[in-house]
Amino acid sequence: MPVGGQRRLTTTILSSLCLLIPKMCLKPPICEPDFSLYSDFINVDSIPSELKLWKRKWIAYKDIDRPHAAVESLNYCNPELFPNIHFLLKVLATLPVSTATPDRTFSTLKRVKTFLRNSTGQERLTGLALLSVHRDVTVNPEEVLNRFALQ
């Protein structure tokens with residue numbers, strides 16, 4: 001599948017998952033076929049009736065009283081009554097919001113490789129990339145020198 005098609009599919013599924021959040025679930029209709037991706041983990045046949053009950057549960061609440069995040073929604077979702085919705089909310093709650101961290105990592109690696117491409121071997125390049133990515137780890141120069149001297 002082309003990258004653009006994959007991105008549209010992912011966006012559609014993510015949009016459908018977001019509609020399970022009580023703050024959103026009463027607005028547009030939820031497209032049940034989007035959940036067929038998870039058919040190995042949920043009972044797709046019972047999704048329509050479960051969604052009806054889920055929406056009915058939230059009609060009585062004011063808009064400001066309904067949960068507005070996936071994690072908060074999980075607290076109000078009884079896994080006995082709504083097993084499929086509970087599973088889908090867990091999926092939504094654990095999806096990464098962005099790819100900023102991996103992008104930064106690869107960007108850092110690209111900068112390090114560009115700077116040191118001609119003068120270093122693969123092992124040293126890997127070590128420098130790890131140092132750059134894990135800046136929060138403190139390195140004691142004395143300990144490094146002692147270990148180096150022992151080798």
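Tyr 61 is partly exposed in this predicted model, with a relative accessible area of 36%. Its ring pairs with that of Trp 58. Trp 58, by contrast, counts as buried, at 0% relative accessibility. The two ring centres lie 4.8 Å apart and the planes meet at 45°.

An α-helix has 3.6 residues a turn, so residues three or four places apart point the same way.

Trp 54, Trp 58, Tyr 61, Tyr 76 and Phe 82 form one aromatic cluster. The count of aromatic pairs comes to 6.

The largest nonpolar core has 22 residues. Trp 54 is among those with the most contacts inside this core, together with Leu 17, Leu 20, Phe 35, Ile 85 and Leu 88. Helices α2, α3 (70-76) and α4 (83-94) are the elements that give two or more residues to the core. The most comes from α4, which gives 5 residues.

Neighbours within four places in sequence are left aside here. Leu 20 is then in contact with Cys 25, Ile 30, Phe 35, Leu 51, Trp 54, Ile 85, Leu 88 and Leu 89. Across the chain, contacts between residues at least 6 apart in sequence were also considered. Of these, 55% join residues at least 24 apart.

The chain has 7 helices and 0 strands. Its pattern along the sequence is α-α-α-α-α-α-α. Of its 151 residues, 26% count as buried. The accessible surface comes to about 11200 Å², and carbon and sulfur atoms account for 59% of that area.

Helix α7, residues 141-150, is hardly covered. Among its 10 residues, the count of buried residues is 0. Asn 140 caps the N-terminal end of α7. A side-chain oxygen of Asn 140 lies 3.1 Å from the backbone nitrogen of Glu 142.

Methods
Residues are numbered from 1 along each chain as its sequence is written. This is a predicted model: local features need pLDDT of at least 70, side-chain atom pairs count only at pLDDT 80 or more; totals for chains, interfaces and linings use all residues. Side-chain values use heavy atoms; hydrogens and water are left out. Rings of Phe, Tyr and Trp (its six-membered ring) pair if their centres lie within 6.5 Å; planes under 30 degrees apart count as stacked, over 60 as edge-to-face and the rest as tilted. Buried means under 20% relative accessible area, exposed over 50%, partly exposed in between (1.4 Å probe, protein chains only). Helices (H or I, at least four residues) and strands (E, at least two) are DSSP runs, numbered from the N terminus. A polar contact is a pair of N or O atoms within 3.5 Å; within protein, one must be able to donate a hydrogen and the other to accept it, and residues adjacent in sequence count only if both atoms are side-chain atoms. A nonpolar core is a set of buried Ala, Val, Leu, Ile, Met, Phe, Trp, Tyr and Cys residues joined through side-chain atoms within 4.5 Å. Contact means heavy atoms within 4.5 Å. Accessible areas come from the Shrake-Rupley method with a 1.4 Å probe; for residues, only the protein chains shown count as cover.
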